[in-house]
Amino acid sequence: MKFVTKRIHAFLDYPVAIALMVLPFLLGLGGTNSMALYLSLIVGIAAFVLTVLTDHHLGIVRVVPYKMHLTVDFLVAVLFVIAPFIFSFQGIDAYYYWVNGIAVLTVVSLHKPEAVAA
């Protein structure tokens, strides 16, 4: 049952990007490795820029195809799931990335394919 439409996804993009930039500071990430703080901040900035550039109704410049946006989301989700292993994150640093990675993988996997215009 796939129900996440392009429109729903677009509405999620900006708040998620902002959360990725703010939450690491609010949660005090970086206790086990400073990369836990900076990785989320960098990805949040990149996600915001990607959303601005994506060809969906909330995109401002609309030069990035939506399918490419979904591919980037998938790759970031995979990065977030494996980052705790690569960077030896522990505790909240690891849980933050695992929860976010699984959430993004869930949204991408529940994406409803668009109808092809004839």
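Modeller: Helices here are DSSP runs of H or I with at least four residues, strands are runs of E with at least two, and both are numbered from the N terminus. This is a predicted model, in which local features need pLDDT of at least 70, side-chain atom pairs count only at pLDDT 80 or more, and totals for chains, interfaces and linings use all residues. Residues are numbered from 1 along each chain as its sequence is written, and side-chain values use heavy atoms, with hydrogens and water left out.

Colleague: Understood. Where is valine 22 found?

Modeller: Valine 22 lies in helix α1. Its relative accessible area is 40%, so valine 22 is partly exposed; the class falls between buried (under 20%) and exposed (over 50%), with a 1.4 Å probe and protein chains only.

Colleague: Which residues make the nonpolar surface patch?

Modeller: Ile18, Val22, Leu23, Leu26, Leu27, Phe48 and Ile92 make that patch, which covers about 590 Å². Patches take residues with over 30% relative accessible area and no salt bridge, joining nonpolar side chains (Val, Leu, Ile, Met, Phe, Trp, Tyr) within 5 Å and like charges within 9 Å. The areas come from the Shrake-Rupley method with a 1.4 Å probe, and for residues only the protein chains shown count as cover.

Colleague: What is aspartate 13 in contact with, leaving aside its neighbours within four places in sequence?

Modeller: With those neighbours set aside, aspartate 13 contacts Thr51, His56, His69 and Asp73, where contact means heavy atoms within 4.5 Å.

Colleague: Is aspartate 73 buried or exposed?

Modeller: Aspartate 73 is buried and likewise has no salt bridge; the nearest opposite charge is on lysine 6, 12 Å away. Aspartate 73 sits in helix α3, residues 66-86. Leaving aside neighbours within four places in sequence, its contacts are His9, Asp13, Leu50, Val104 and Val108.

Colleague: Now the aromatics. How many aromatic pairs does the count come to?

Modeller: Rings of Phe, Tyr and Trp (its six-membered ring) pair if their centres lie within 6.5 Å; planes under 30 degrees apart are stacked, over 60 edge-to-face, and the rest tilted. By this rule the count is seven aromatic pairs. One of them joins phenylalanine 80 and tyrosine 97 edge-to-face, at 4.8 Å centre to centre and 80 degrees between the planes. This pair links distant parts of the chain, with phenylalanine 80 in helix α3 and tyrosine 97 in helix α4 (residues 91-109), 17 residues apart. Both phenylalanine 80 and tyrosine 97 are buried.

Colleague: What kind of pair do phenylalanine 87 and phenylalanine 89 form?

Modeller: A stacked one: phenylalanine 87 and phenylalanine 89 lie 5.6 Å apart centre to centre, with 20 degrees between the planes. Phenylalanine 87 is partly exposed because its relative accessible area is 26%, whereas phenylalanine 89, at 3%, is buried.

Colleague: Which residues do ring pairs link into a cluster?

Modeller: The cluster consists of Phe80, Phe87, Phe89, Tyr96 and Tyr97. Serine 40, in helix α2 (residues 35-53), is in contact with Leu20, Pro24, Tyr96 and Tyr97, leaving aside neighbours within four places in sequence. Serine 40 counts as buried because its relative accessibility is 0%.

Colleague: Last topic, the backbone. What is the phi of arginine 62?

Modeller: Phi of arginine 62 is near 60 degrees, a positive value in a residue other than glycine. Most residues other than glycine have a negative phi. Arginine 62 is placed in the loop between α2 and α3. Serine 88 also has a positive phi, about 60 degrees, although it is not a glycine, and serine 88 is in the loop between α3 and α4.

Colleague: Why does serine 88 count as partly exposed?

Modeller: Serine 88 counts as partly exposed because its relative accessibility is 46%.

How values were computed:
Salt bridge = Lys/Arg side-chain N within 4 Å of Asp/Glu carboxyl O. Lys, Arg positive; Asp, Glu negative; His and termini not counted.
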